[in-house]
Amino acid sequence: MKLDLILRVGVKLLLPFVLLFALYVQFHGELGPGGGFQAGVIAAGMVILYAIIFGVDAAKRIASQRMVEIMVPLGVLIFVGTGVAGLLLGKNFLDYSVLAHDPPHGRELGIFLVELGVLITVSGTMTVLFYTFSERGR
Amino acid sequence: MVLLTLLAAVTIGVVRTRSLFGVIALVSAYSFLMASVMIVLDAPDVAMTEAAVGAGVSTVLLLATLHLTGSMEYPRPRKAYLPLFVAAGTGAAIVWGTYDLPPFGTADAPIHKHVAPRYLEKSIQETMVPNVVTSVLADYRSYDTLGETTVIFTAGIGVLLLLKGRRRRQQDKSVEGSTT
């Protein structure tokens, strides 16, 4: 772990751009290719890369075990909550058209929320999988 | 065509390689080739998923699994004629099935006639989202996406329960053993 100077410096340079790319894929998913699933995997990839180079303990300081474990159900809850919100406002489950002042804006908002839920669940699950596997090996 | 040939070559490599490290590297290469195929087919969303999940995260997870198990495959006990026959038969049936499909890229194939035109025409009007893939995924077909998210959730919970829980129980047992 002491001789991999190039990897350490390179990864440190790369990390902010990976995270930025994940956010770009997430919030630009409406316009270009991408969406919650891809962005979640890229964000989790960033944490995993960090964990591989600097060790799992260092990675747990930026994304703690507890946080990622909470993220796994939180995303599903956001997704279902968006659906139930439509239900409570008098439409069908997962009908977003009542979430804003007119149907198209509501559906845009609904898509945004749903993609956010997917992002949180996917990145949380991928990170938790990696943490669990790497801890078993020790 | 070049990509498909490379895919076939990588597949043969995966089957023939004995070292599991080599197999994982080849599987990762296979995913990247598959992503390139998706780009050629004008499906950047799928290509992105394939590159991120197939070549990225699943490679890391497979390597982590390798860390828990051994890295060499046991030699095959005997020649496997029956599995070979089953695989060849299934492959032949699938290829036979493709003869009834409309030629690739036909504009008036049934799949393009049903709901696809409506999505393409109304997506921006109804959802204000220019990327039709996103609007179909998260709005028109959101039940499917909810299902997928739940599957990922279940997978995460399952791994946590199986791997983490057993470890804790072993620790408890060792603690109990030492006190009694």
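**Ground rules**

I number residues from 1 along each chain as its sequence is written, and I letter chains from A and number ligands from 1 in the order in which they are written. Since I am reading a predicted model, local features need pLDDT of at least 70, side-chain atom pairs count only at pLDDT 80 or more, and totals for chains, interfaces and linings use all residues; side-chain values use heavy atoms, with hydrogens and water left out.

**Entry 1: chain A overall**

I started with the secondary structure, where helices (H or I, at least four residues) and strands (E, at least two) are DSSP runs numbered from the N terminus. Chain A has five helices and zero strands, and from the N terminus on I read α-α-α-α-α. I boxed its C-alpha atoms along the principal axes and got roughly 60 × 30 × 20 Å.

Next I looked up burial: buried means under 20% relative accessible area, exposed over 50%, and partly exposed in between (1.4 Å probe, protein chains only). Of the 138 residues in chain A, 51% are buried. For contacts I used heavy atoms within 4.5 Å. Among the chain A contacts with a separation of 6 or more, 61% join residues 24 or more positions apart. Chain A exposes about 6600 Å², with 72% of it from carbon and sulfur atoms; such areas come from the Shrake-Rupley method with a 1.4 Å probe, and for residues only the protein chains shown count as cover.

**Entry 2: chain B overall**

Chain B has eight helices and zero strands, in the order α-α-α-α-α-α-α-α. Buried residues make up 24% of its 180 residues. Of its contacts with a separation of 6 or more, 42% are between residues 24 or more positions apart.

**Entry 3: rings in chain A**

I searched for aromatic pairs: rings of Phe, Tyr and Trp (its six-membered ring) with centres within 6.5 Å, called stacked with planes under 30 degrees apart, edge-to-face over 60 and tilted for the rest. The whole structure holds three such pairs over all chains. One of them is A:F21 with A:Y24, stacked at 6.2 Å centre to centre and 25° between the planes. Both residues lie in helix α1 (residues 5-27) of chain A, three residues apart, about one turn of the helix. A:F21 is partly exposed at 39% relative accessible area, and A:Y24 is partly exposed at 45%.

I also checked for a charge over a ring, which needs NZ of Lys or CZ of Arg within 6 Å of the ring centre and within 35 degrees of the ring normal. The charged end of A:K60 sits over the ring of A:Y131, 5.2 Å from its centre.

**Entry 4: A:T121**

Which residues does A:T121 touch, leaving aside neighbours within four places in sequence? I found A:M71, A:V72, A:G75 and A:V76, plus B:T149, B:I152 and B:F153 from chain B. A:T121 is in helix α5 (residues 103-137) of chain A, and it counts as buried because its relative accessibility is 0%.

B:L33 lies in helix α2 of chain B and is buried at 13% relative accessibility. Not counting residues up to four places away, B:L33 touches B:L3, B:L6, B:L7 and B:V10. I also took its C-alpha distance to B:G89, 56 residues apart in sequence, and got 26 Å.

B:T5 is in helix α1 (residues 2-16) of chain B and partly exposed at 48%. Its C-alpha is 23 Å from that of B:L20, 15 residues apart along the chain.

Most residues other than glycine have a negative phi. B:D42 is in the loop between α2 (20-40) and α3 (44-68) of chain B, and is exposed at 67%.

**Entry 5: the largest pocket**

Last, I looked up the largest pocket, which has a volume of about 630 Å³. On a 1 Å grid over the protein atoms alone, a pocket is an open set of points where a 1.4 Å probe fits, with protein on both sides within 12 Å along at least five of seven lines, while in a cavity the probe cannot get out; lining residues have an atom within 4 Å of a point. Points are joined across faces, edges and corners, and the volume is the space filled by probe spheres set on them.

Of the 18 lining residues, B:T106, B:A109, B:I111, B:H112 and B:A116 are the closest to the pocket centre. I noted that α5 (110-113), α6 (116-127) and α7 (132-140) of chain B each supply at least two lining residues. The most come from α6(B), with four.
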